[in-house]
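Me: I would like to learn how to read a protein model, one feature at a time. Can we work through one together?

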Amino acid sequence: MKRFSSFLIALLIICLIGGFSYAADKGNTRFQSFSKVKMILLKQVYSDHLTTFYCNCPFTMKKKIIPSDRYTPKKKWERAKSVEWEHIVPAYQFGHNFPEWKNESPDCLTSKGKPYKGRKCVEKIQPQYRYMQADMYNLVPAVGEINGLRSNYPYGIIPGEKREFGNCDMEIEDRKAEPPPEKRGDIARTYFYMDWAYPGYGIISKKNRKLFDAWDKEDPVDT
C-alpha cells in the first residue's frame, strides 16, 4: 500500500508541475505523436529546469548539452553533444507485445511493396502503441550517448563501481543499466505507473518488482 501511495503522490506532483489534467481513463489518451510530445516536454515541462535525467547535465532549448564537470563522454561522437528523449520503460518492452513487431504485416509495405515488421510497423498501424510511446510520464531528457548505449536494456545493479561517464554515476554493462541512486525511486515509480496504466503488456517482471519496491523505499518521492 505504501508503494502504491507513493506512486500516486508522485503522479499528482507530475500533473501539477506539468500543468496537465489527468483523465479518468488510464494512461495517455490524448497524444499519439511522439514528435509532438517531445516539443511539449521541452517547451512546457522542462523549460525552467533544463537538466538531463541521469547526469544532471545542463542543456539549451536547442537540445545542446552545455559542457560541464557532470558528464564526460565515453566516446567522441555527436550524440554526446545533444539531448534525446529517453523512454524509462523501453519502447521495445511494451512494443514487442504487438504482433506486428515480430511478424511482417501486409499493412506495412516498403516503396517496393515488400512487407516489413518492427517498431516502425507497429507505430504505423497500432494507435495503442502510439499512445504508449508518447506517454510523457515515461519520457525524460537524457544525454544522447547515454540513451544510445542504454538501448532497451533493463535496469539492475552492476557489481563494482565502474565510472565510464566521469562524474555521472550511470553504469551500462552486460546488457544492463545501473542508474544513479537518486534516480532509482523515480524510475521505479515510472514503472509502477506504466504497469498500472497499461496492464497486460508485461511492463514489470516478478524479479524487477522486488527491485523496484526496494528502490521506491530507498529513494522516496521528493519535490
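Me: Is E182 buried, partly exposed or exposed?

Reply: Keep in mind that this is a predicted model. E182 has a relative accessible area of 43%, so E182 is partly exposed.

Me: Where is E182 found, and which residues does E182 touch?

Reply: E182 is found in helix α8. Leaving out residues up to four places away in sequence, E182 touches N56 and D219. E182 and Y54 are 128 residues apart along the chain, yet their C-alpha atoms are separated by 9.0 Å.

Me: What share of the contacts in the protein joins residues 24 or more positions apart?

Reply: Among contacts with a separation of 6 or more, 62% are between residues 24 or more positions apart.

Me: How much of the protein is buried, and what are the buried residues doing?

Reply: Of the 223 residues, 48% count as buried. In soluble globular proteins, nonpolar side chains tend to be buried together. Here the largest nonpolar core has 58 residues, and Y54, Y71, F94, I187, Y191 and F212 are those with the most contacts inside it. Several elements each supply at least two residues of this core, including α2, β1, α8 and α9. The largest share, seven residues, comes from α8.

Me: Which residues are in contact with F94, apart from its neighbours in sequence?

Reply: Neighbours within four places are set aside. F94 is then in contact with V89, Y129, M132, Q133, N138, M194, Y201 and I203.

Me: How do I read a helix such as α2, and which of its residues are buried?

Reply: An α-helix has 3.6 residues a turn, so residues three or four places apart point the same way. In α2, the buried residues are F34, V37, I40, L41, L42 and V45. As for its span, α2 has 12 residues and reaches 15 Å from first C-alpha to last, close to the 16 Å expected.

Me: What about strands: how do β2 and β3 pair?

Reply: Look at the direction of the strands and at the bridges. Strand β2 (residues 105-109) and strand β3 (residues 115-116) pair in the antiparallel sense over two bridges. S105 has Y116 in β3 as its bridge partner. The two strands form a hairpin with five residues between them, and G113 in the turn has a positive phi of about 85 degrees.

Methods. Residues numbered from 1 in each chain as written. Predicted model: local features only at pLDDT ≥ 70, side-chain atom pairs only at ≥ 80, totals over all residues. Heavy atoms only, no water. Core = buried A, V, L, I, M, F, W, Y, C linked by side-chain atoms within 4.5 Å. Buried < 20%, exposed > 50% of the residue type's maximum accessible area, 1.4 Å probe, protein only. Helix = DSSP H or I, 4+ residues; strand = E, 2+ residues; numbered from the N terminus. Contact = heavy atoms within 4.5 Å. Expected span 1.5 Å × (residues − 1). Pairing = 2+ DSSP bridges.
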